[in-house]
Amino acid sequence: MSAPVHPPRPSAPGGLEHCPFWPTYGAPTVQFVRGSGSELWDSAGRRYLDFLGGLAVVSLGHAHPEVAEALSRQAATLLHTSNLFATVPGAEVAVALDRLLGGGGQVFMCNSGAEANEAAIKLARRWGGRGRHVVVSAYGSFHGRTLATLHATGQPDKHEAFQPLPEGFRHVAWDDLDALDAALDATVAAVLLEPVQGEGGVNPASTAYLQGARRLCDERGALLMMDEVQTGLGRTGRWFGFQHHDVVPDVVTVAKALGNGVPIGACWARREVASVMAPGDHGSTFGGQPLASAAALAVLRVMEREDAPGRAHRAGERLTAALRALPEVESVRGAGLLLGAELVAGLDARAVVADALARGLVVNAVRPTTVRLAPSLLVSDEHLDEAASILAVALTTVADRTGAGEHGGASA
């Protein structure tokens, strides 16, 4: 099999004839060198509006001064000790997360969403014991790229290249309570769900589904685990996506928004659930280390002061209205500032994304007909309106080129 073409620029330093990275992300077309708030600049000095937020990571915008100052101060104070010892910022982050999640829990600190979900899976197996280790998740879900979280991910096309995957995972139809009911036999330790499937196309769960999942887990003695890696910490207009549905999970995973670009993740669990883990059962060399924790602590303080969930709700309503007014948008899904614009038949989301990028707007295609938008939770009204205007031109351009876009405006 021939190697994929991966041009050296803009990924490689000058003079290198090949890209220094694995070709796992495709050939990049833009190299960003600087950011501020919702704006980015590339190596040619061109400005862009960032409405992808590093895949819903840059929650407060680029180069937020309080996060930068916290990182600088911590870098000059203490970088690493290992988890054999306590540090101040790590403990403060854990306490803050527990408070935002309602209290009564304990936190495992790690480096990413995949690690947080991996910890949740191990916790479920420890909770269930031998013979009761199956984790049930939904088709269309995305939970990570480690071998275990990949198998928890309900996208079989992503599985095949890496078979055999670890056993103990089962998938059911999304938002189908009867299918979930039928899957919960005596081997099931936990159900792992996203309140909104981000990578699956920005598909929100219904309240009836999540409340039903809670009831079924209670009846069968299984854990309800919520993957809030993309939806957590204000993104959907509440601190956590499950809070829209009046359910209380047993385990919650977070990452992305927590560090505003600094790698950090966490797995929270009710104290009686977390208590099944013993010293040596799990670990993470860099998990919760002082530098990342200092950034996370600064992020949480800014989020609370600025009422990030409230701002995301209000900005999301404005952006949703602007998207629904576009003739090439069939519908808008999501919550807060995690939105998916479903395009009319015949429009290729990838072509729209590429045209938008050429015009200075960063978004991405999560499905062939779905454009995802996940800007900073602190995005301004002016940037919301500018982004909608750029996207409108990109949609019209691609529609005119392909003959699509004759359906009219969007539905709710």
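**The hairpin and its surroundings**

Author: Strands β2 (residues 39–42) and β3 (residues 47–50) run antiparallel and are joined by 3 bridges. Strands here are DSSP runs of E with at least two residues, helices are runs of H or I with at least four, and both are numbered from the N terminus; two strands pair if DSSP finds at least two bridges between them. Before going on, a word on the source: this is a predicted model, where local features need pLDDT of at least 70 and side-chain atom pairs count only at pLDDT 80 or more, while totals for chains, interfaces and linings use all residues. Residues are numbered from 1 along each chain as its sequence is written, and side-chain values use heavy atoms, with hydrogens and water left out.

Back to the hairpin. Trp 41 has Arg 47 in β3 as its bridge partner. Between the strands sit 4 residues, and Gly 45 takes a positive phi near 85° in this hairpin.

β3 also has another neighbour: 2 bridges join β3 to β15 (residues 361–362), and this pair runs parallel. There, Asp 50 is partnered with Val 362 of β15.

Now for Phe 51. Leaving out residues up to four places away in sequence, its contacts (heavy atoms within 4.5 Å) include Leu 361, Val 362, Val 363, Leu 373, Pro 375 and His 383. Phe 51 is also one of the three residues, with Leu 193 and Leu 233, that touch the most other members of the largest nonpolar core, which has 88 residues. A nonpolar core is a set of buried Ala, Val, Leu, Ile, Met, Phe, Trp, Tyr and Cys residues joined through side-chain atoms within 4.5 Å, and buried means under 20% relative accessible area with a 1.4 Å probe, protein chains only. Apart from that core lies another of 19 residues, Leu 192 and Val 251 among them.

Leu 193 takes us to the largest cavity, whose lining includes Leu 193, Leu 192, Trp 174 and Glu 194. A cavity is a set of points on a 1 Å grid over the protein atoms alone where a 1.4 Å probe fits but cannot get out, and lining residues have an atom within 4 Å of a point. About 30 Å³ of space lies in the largest cavity, a volume being the space filled by probe spheres set on the points, which are joined across faces, edges and corners. β5 (134–138) and β7 (188–193) each give two or more residues to this lining.

Technical notes. Buried means under 20% relative accessible area, exposed over 50%, partly exposed in between (1.4 Å probe, protein chains only). On a 1 Å grid over the protein atoms alone, a cavity is a set of points where a 1.4 Å probe fits but cannot get out, and a pocket is an open set with protein on both sides within 12 Å along at least five of seven lines; lining residues have an atom within 4 Å of a point.
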